[in-house]
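This report covers aromatic rings, their surroundings and the confidence of the model.

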Amino acid sequence: MKVSIKILLTALIGIIAACSNAPDKLGNLDLKKWRGDRGGCNDVRKGLEGDFKGAEKELKGKFADTIGELLGRPDIHQLGERNTKFYVYYLEKGPQCENMQAKSNARKVLLKFNAVGLLSEITYQDRPL
């Protein structure tokens, strides 16, 4: 009887944890503001870039699904060689605000995930993808 109660409690805790919302902050990075600036079109992410850089160590090593929950759906999702993938988040307003498929020189952050889905590299660039 005691074993089944422990199993039930463990399952209940797992369900509650799975249903919880993504946090609003990661270090100094306001994730709610980040998620709310889709495509960087409101220039909110531009002001959060320093906080994002400060949170890089906490982001690295997390799974792609976890990153998606924290930062929101990526503006661009690309598949690379050898089962790698990239999430792209624009940091500023640009042509992508009119058409997400448009080539854009707007500043962006690229998150590279390795073959097992862990965030392995974070880079910043201005050139079009």
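Phe 52, at 1% relative accessibility, counts as buried.

The model is predicted: local features need pLDDT of at least 70, side-chain atom pairs count only at pLDDT 80 or more, and totals for chains, interfaces and linings use all residues. Residues are numbered from 1 along each chain as its sequence is written, and side-chain values use heavy atoms, with hydrogens and water left out.

## Aromatic pairs

Rings of Phe, Tyr and Trp (its six-membered ring) pair if their centres lie within 6.5 Å; planes under 30 degrees apart are stacked, over 60 edge-to-face, and the rest tilted. Phe 52 and Tyr 124 are edge-to-face because their ring centres are 6.4 Å apart and their planes stand at 90°. This pair links distant parts of the chain, with Phe 52 in helix H3 (residues 44–54) and Tyr 124 in strand S6 (residues 119–125), 72 residues apart. Helices (H or I, at least four residues) and strands (E, at least two) are DSSP runs, numbered from the N terminus.

One aromatic cluster is formed by Trp 34, Phe 52, Tyr 89 and Tyr 124.

## Charges over rings

A charge sits over a ring if NZ of Lys or CZ of Arg is within 6 Å of the ring centre and within 35 degrees of the ring normal. The charged end of Lys 53 sits over the ring of Tyr 124, 4.8 Å from its centre. Over the ring of Trp 34 sits the charged end of Arg 45, 4.9 Å from the ring centre.

## Confidence

The protein averages a pLDDT of 88, and 84% of the residues score at least 70 (pLDDT is the predictor's confidence in each residue, from 0 to 100).

Definitions and conventions. Buried means under 20% relative accessible area, exposed over 50%, partly exposed in between (1.4 Å probe, protein chains only).
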